[in-house]
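Visitor: I have not looked at this structure before. Could you show me how to read a few of its features?

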Amino acid sequence: MEENMEEGQNSKGCFECCVKCLGVLPYASLFATILLYAGVALFCGCGHEALSGTVTILQNYFEVVRAPVETLDVLTMIDILKYVIYGIAAAFFVYGILLMVEGFFTTGAIRDLYGDFKITACGRCVSAWFIMLTYIFFLAWLGVTAFTSLPVFMYFNIWTICQNTTVVEGANLCLDLRQFGMVTIGEERKVCTGSEKFFKMCESNELDMTFHLFVCALAGAGAAVIAMVHYLMVLSANWAYVKDACRMQKYEDIKSKEEQELHDIHSTRSKERLNAYT
């Protein structure tokens, strides 16, 4: 009987502990972090594979060769973009963890306002710093989204030309890399509709897969932008709550100090009256 009572008390204690932990959990920051990780993972993974597919298409169908090490060509720029993607993945993985930690501390500060936890000026400065940094990242992701839309537009044009050749017979269309600024003006790298390479490229899996991967990368960048906007709302709300809570805490401290002074004055007067009476 006693063992059953102890087990019931232990289960009740675990349940209360779980409820308390769920109550402190910053759900808004958690949702923004999940959205950020999903967007960054989609952008980095699909973008990396799309760049690899672009290299394959350029080398197999446009006969683009890698220039010497000293020259900055399109293949070298693609390699640089891959390293940039690695840096973005690592940086925003750490940044998401920092924002989650800030959300936990801010939520604890608000809910434990009248407890032992004290809101400091350093905490408000950290929240303001995160707001400014998140706004900068929001602008950066807007630029990344705009930049990612360029290869989507380019591959959509190529896909449209491939579709038009099957509809319109005898169409004389060419894809020239000089139109996209991928090679120099003096270097002619083009594929026309009547050539065998053009039909192989249109029927290949590389073109279709690369196009869809760039579309997914664009969607991931858009998700990261939405996550940044969500973080801005959460951080701004937390900063406002912490600021109001700090003011309330100061008011309570002043009020308790005045009450203590009034109590001391009444105690002093009571002692004086008692001494005068005796």
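Visitor: Leaving aside neighbours within four places in sequence, which residues is Thr145 in contact with?

Guide: This is a predicted model. To read a contact, look for heavy atoms within 4.5 Å. By that rule, and with neighbours within four places in sequence set aside, Thr145 touches Leu218, Ala221, Gly222 and Val225.

Visitor: Where is Thr145 found?

Guide: Thr145 belongs to helix α4, which covers residues 121–167.

Visitor: How many residues apart in sequence are Thr145 and Gly222, and how far apart are they in space?

Guide: In sequence, 77 residues separate Thr145 from Gly222. In space, C-alpha to C-alpha, the two are 6.3 Å apart.

Visitor: Which backbone oxygen does the side chain of Thr145 reach?

Guide: The side chain of Thr145 reaches the backbone oxygen of Trp141, at 2.7 Å.

Visitor: Let us turn to charged pairs. How many salt bridges are there?

Guide: The idea is to look for a side-chain nitrogen of Lys or Arg within 4 Å of a carboxyl oxygen of Asp or Glu. The count by this rule is three salt bridges.

Visitor: Which residue forms a salt bridge with Lys197?

Guide: The partner of Lys197 is Glu63, and their closest N and O atoms are 2.0 Å apart. This pair links distant parts of the chain, 134 residues apart. Lys197 is in helix α5 (residues 196–203), while Glu63 is in the loop between α2 (27–61) and α3 (74–111).

Visitor: Why does Lys197 count as partly exposed?

Guide: Buried means under 20% relative accessible area and exposed means over 50%, with partly exposed in between. Lys197 has 30% relative accessibility, so Lys197 counts as partly exposed. Glu63 is at 46%, so Glu63 also counts as partly exposed.

Visitor: What about Asp176: is Asp176 buried or exposed?

Guide: Asp176 has a relative accessible area of 9%, so Asp176 is buried. Asp176 forms a salt bridge with Arg178, with 2.8 Å between the closest N and O atoms. Arg178, at 27% relative accessibility, counts as partly exposed.

Visitor: Which residue forms a salt bridge with Glu196?

Guide: Glu196 pairs with Lys200, the closest N and O atoms being 3.3 Å apart. Both residues lie in helix α5, four residues apart, which is about one turn of the helix.

Visitor: Is Glu196 buried or exposed?

Guide: Glu196 is exposed, because its relative accessible area is 56%. Lys200, at 48% relative accessibility, counts as partly exposed.

Note on methods. Residues are numbered from 1 along each chain as its sequence is written. This is a predicted model: local features need pLDDT of at least 70, side-chain atom pairs count only at pLDDT 80 or more; totals for chains, interfaces and linings use all residues. Side-chain values use heavy atoms; hydrogens and water are left out. Helices (H or I, at least four residues) and strands (E, at least two) are DSSP runs, numbered from the N terminus. A polar contact is a pair of N or O atoms within 3.5 Å; within protein, one must be able to donate a hydrogen and the other to accept it, and residues adjacent in sequence count only if both atoms are side-chain atoms. Buried means under 20% relative accessible area, exposed over 50%, partly exposed in between (1.4 Å probe, protein chains only).
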